[in-house]
Amino acid sequence: MPTNPVPAGPVSTNPEPPRPDRAPRPRRYLVCEPRFFDVQYAINPWMREDAQVDTELATSQWETLIRAYRAHGHTVESVPPAAGLPDMVFAANAALVVEGRVFGSNFHAPQRRPESTEYDTWFKATGYEVYRPESLCEGEGDLVPVGPYILAGTGYRTTRAAHDEVQEFFGMPTIGLQLIDPYFYHLDTALFVLADGSEGADGAGGPTDANIAYYPEAFSYGSREVLRRLFPRAVIATRQDAMAFGLNSVSDGRHVFVAPRASGLIDQLTRRGYVPVPVDLSEFHKAGGGIKCCTQEIRS
């Protein structure tokens, strides 16, 4: 069996032609202020217990991201931060919300488990019912809706048993993807959705318009093959751009909020007709997080 059947370079095997007519779709995002953000333990390769966090810089970077979302027409709501939960700023890990249904989290690391209660409280106060999974599951960190599917990562945090729970809860085909590089411990560090199938210049997008960007070498052979078959026009990122948190990005279908150091990926996105919006969240990289980690999407 070939050890590297999928190209790991910056160009896909069936590149999508440029699309100057891409249209954004307004989104609703849930975030959490980094008032208590810090690196107090090490639960992924990016974290160092002796890391010095510049809280003022982190707050400034986070506020820049929020301003960027609002400037591009998106709604942003906040969960109050809780003392003693330094990773609560990573809102994406708290849940997956599709069609107004909330699939909560059950964190792998004991240090993060109290975060679930804080987010559940917010959702319930806002009028949502929350399903708390029995299996280990870390929300949008490992669960990525795209077109008719939910892509589901496993290998480090979320278990395959959780994938079954997700499929039963949402009734959507859930496709398991094996992560094999500890630096990409969550699916959303190795892959993000460029277009979810709802966008289009005339508002008539569909599943065939769905597309992603990803770093193939973060995945097992079989998972790379699955992604290649499902998304033949995907943007293929280099390791350099992936390690710069370029794939921990957020797209509204036209604008892509992306780490500025992912220069090769930014060039590719521009050639495809997307509009990169560079936002530096480098202080959060010390904890293994970036733009998407800080952003939970509420899909009504």
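In the predicted model, strand β6 (143-146) makes the greatest contribution to the lining of the largest pocket, supplying four residues, and β1, β6, β9 (191-195) and β12 (250-251) each provide at least two. Strands (E, at least two residues) and helices (H or I, at least four) are DSSP runs numbered from the N terminus. The volume of this pocket is about 610 Å³, and of its 31 lining residues, R25, P145, D196, E297 and R299 are the closest to the centre. A pocket is an open set of points on a 1 Å grid over the protein atoms alone, where a 1.4 Å probe fits and protein lies on both sides within 12 Å along at least five of seven lines, and lining residues have an atom within 4 Å of a point. The volume is the space filled by probe spheres set on the points, which are joined across faces, edges and corners.

Residue N44 lies in the loop between β1 (28-32) and α1 (55-71) and is buried (under 20% relative accessible area, 1.4 Å probe, protein chains only), at a value of 9%. Leaving aside residues up to four places away in sequence, N44 contacts R157, Y185, A287 and G288, a contact being heavy atoms within 4.5 Å. The C-alpha atoms of N44 and G288 are 6.9 Å apart, although 244 residues separate the two along the chain.

Residues are numbered from 1 along each chain as its sequence is written. Local features need pLDDT of at least 70 and side-chain atom pairs count only at pLDDT 80 or more, whereas totals for chains, interfaces and linings use all residues, and side-chain values use heavy atoms, with hydrogens and water left out.

Terms used. Buried < 20%, exposed > 50% of the residue type's maximum accessible area, 1.4 Å probe, protein only.
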